[in-house]
Amino acid sequence: MKNLSRLMLAILLVFIYSNVSAQDKNNPWQITVGVNAVDAFPSGDGLQTGVFPSADGLVNGAQFSESIFDELYNVKDHWNIIPSLSTISVSKYIGKGFSFGVTGSLNRIDVLGDVPGSLPVVPNELRDDLSYFGIDGTVKYGIGEALEWGVIDPFVGIGGGYTWIDEIGYGTVNGTLGLNIWFTENIGLTLQSAYKHSFSTDNLVTHFQHTAGISVRFGGTDTDGDGIYDRDDACPDVAGLEAFNGCPDSDGDGIEDSKDDCPNEAGSAELNGCPDTDGDGVVDKNDNCPTVAGLKTLGGCPDADGDGVTDADDSCVDEAGPAANKGCPWPDADGDGVLDKDDKCPQVVGTVANNGCPEVTAEVQKTLNEYAKTILFDTGKSSIKSQSEAVLADIIAILKEYPNSKFTVEGHTDSVGSAKLNQRLSDSRANSVKEYLGSHGIDAFRLSALGYGEDKPIDTNKTKKGRANNRRVEINLVK
C-alpha cells in the first residue's frame with residue numbers, strides 16, 4: 001500500500017504539472033504508460049574490485065573486477081520486472097525539439113548487486129521483495145524531430161530524481177537515451193534506457209532503468225476544424241486544405257484564395273485563378289465583352305475594322321473611321337478633298353488652302369467691281385436707284401458662291417464740292433450698298449463699309465467722263 005501511495009503521489013504531481021503549462025504547439029502533450037526494468041548489477045558504484053561474499057555473508061576470497069555496464073542487457077539474471085503496468089510519464093513540448101517530462105515508477109527488486117558496497121549486503125537468494133519506487137524529471141531533446149525523421153523519433157535526455165529502495169531514499173542524476181516509434185499521428189511505442197547515478201555515501205546503488213510503453217500525443221489546437229493544427233496552419237481561422245498549409249481554395253481551381261484574383265470563380269493559373277470565357281486573354285472580371293473574343297487594348301471587346309473603336313460603339317463596323325465620328329470615316333460631301341468636319345463650305349467645291357471653300361480669283365474680283373461701278377444713286381444722295389436692282393442681284397449671286405469670304409464695300413466720289421461733303425457722301429453710299437446686300441441674304445459679318453471721298457480717284461476730275469468714273473462703288477475681297 002505504501003508503494004501504491006507513492007505511485008499515486010507521482011501521478012498527482014504529473015497531473016498538476018500537466019495543467020500549469022499552456023498548450024501552444026501541435027500535440028504538445030505526451031503520456032506514456034508501460035513497464036520498467038531495474039538493473040543494478042553488479043553495483044551502483046561503477047567499477048568495483050573486491051571479493052564476493054558467501055551465502056552466509058562471509059567473504060570467500062574470490063576476486064571481483066566488473067562494472068555496472070558489463071552484461072548490460074542480461075535480462076534473465078539481472079533485470080527486475082513486475083508483470084504489470086509499473087510506470088507512467090507525462091511530458092510537455094517546450095519548443096525547438098525540447099520537452100520536459102515527469103515520470104513515476106515502481107518495481108520489486110530481486111537482484112540488486114553481488115559485490116561489497118551493495119545495499120543491502122545480502123545474497124540474492126535471500127532477498128525477498130525489496131520495494132522500488134522512483135520519481136524523475138527529465139529534459140529531452142528530440143533528435144528525430146530536428147532531423148524530420150517522422151515515424152522514427154530518437155531522443156536523449158538529462159535530469160534527476162529521487163529513488164527509494166525499501167525505506168532508503170536517495171537522489172540521482174539521470175542520463176536518458178530512447179526512441180519513439182509512431183504508428184499514427186498520435187499513438188506510438190516508446191523504448192527508453194536511463195542511467196541513474198547516485199552520489200550518496202551511504203552505499204546506495206547506481207542503476208539502470210529500462211522502460212517500454214505505449215505513448216499517446218495530444219493537445220493540439222485546430223481552431224478552424226480543417227484537420228490541420230494551428231501551428232502548421234497558415235490560415236488558422238479559416239478551414240482550408242492540407243495542400244495549401246490549411247488555407248482555402250473556395251472555387252476549387254487549385255489556387256489558394258490568397259493568391260487567387262478571383263477566389264470565387266474557377267480559373268487558370270496563368271490568369272491568377274480568374275476565368276476567361278471567350279479565351280481572349282482578358283479575364284472575365286476585366287472584360288467588357290466576356291463572351292466575345294476581343295482585344296486587350298479595348299477591354300476585351302472586338303474591333304472588326306481595326307479602327308480602334310469597339311464594334312459595340314462603332315456605327316460603321318466594317319469601315320474604319322475615327323472614334324470622334326463613332327468609328328465611321330468623315331464624309332467629303334463636295335469631294336474637294338477637305339473633310340466635311342473641316343470644310344467651311346461642305347456643299348461647295350473649294351480648295352484646301354481656303355478650308356474647303358472656293359477662292360475669289362482676280363477674274364471674279366474684277367467682275368464684282370464691274371458690276372459695282374454700275375450701281376446708280378440719286379444725285380447728291382445715298383439712295384440706290386431702282387434700275388440698279390438687277391446688277392445688285394448679280395453681285396449677290398457671286399457673293400453667295402464664296403460663303404466664307406469677307407468683302408469691303410468702298411464708296412468713292414469726284415472732287416466736285418467740299419472734301420468733307422464728299423467724305424460723308426462716300427460713307428453713306430458704301431453703307432447703303434452694305435445694308436442692301438445684308439437684307440438680301442448676305443451675312444452681315446462678311447461685309448464692312450468704308451468711304452474714301454475724293455481721295456482715291458481712278459480718272460481725272462477735269463472731264464465729265466473722268467468725274468463719272470471716279471463716282472463709283474467697289475466691292476473688294478478682304479485678304
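Mentor: Start with a definition: two strands pair if DSSP finds at least two bridges between them. Strands (E, at least two residues) and helices (H or I, at least four) are DSSP runs, numbered from the N terminus. This is a predicted model, where local features need pLDDT of at least 70, side-chain atom pairs count only at pLDDT 80 or more, and totals for chains, interfaces and linings use all residues. Residues are numbered from 1 along each chain as its sequence is written, and side-chain values use heavy atoms, with hydrogens and water left out.

Trainee: OK. In which sense do E12 and E14 pair?

Mentor: Antiparallel, over 6 bridges. One of the partner pairs is Glu410 with Glu474 in E14.

Trainee: And how many bridges join E12 to E13?

Mentor: There are 5, and these two strands, residues 407-412 and 447-451, run parallel. Between them the chain passes through helix H6 (residues 419-439), in a right-handed β-α-β crossover. Right-handed means that, with the strands pointing away from the viewer, the path from the first strand over the helix to the second runs clockwise.

Trainee: Which residues in E13 partner Phe407 and Val409?

Mentor: Leu447 is the partner of Phe407, and Ala449 is the partner of Val409.

Trainee: What is the strand order in that open sheet?

Mentor: The order is E13-E12-E14, 3 strands with mixed pairing. E13 and E14 (472-477) are at the edges with a single partner strand each, so one side of each has no neighbour in the sheet.

Trainee: Is E12 mostly covered or uncovered?

Mentor: Mostly covered: 6 of its 6 residues are buried, meaning under 20% relative accessible area (1.4 Å probe, protein chains only), while exposed is over 50% and partly exposed lies in between. Phe407, Val409 and Gly411 are buried on one side of E12, and Thr408, Glu410 and His412 on the other.

Trainee: Switching topic. Where is Ala269?

Mentor: Ala269 sits in the loop between E11 and helix H4 (362-372). Its relative accessible area is 55%, so Ala269 is exposed. Ala269 and Asp253 are 16 residues apart in sequence, and their C-alpha atoms are 8.4 Å apart in space.

Trainee: What about Ile187, which strand holds that one?

Mentor: Ile187 belongs to strand E10 (residues 187-198). Ile187 is partly exposed because its relative accessible area is 39%.
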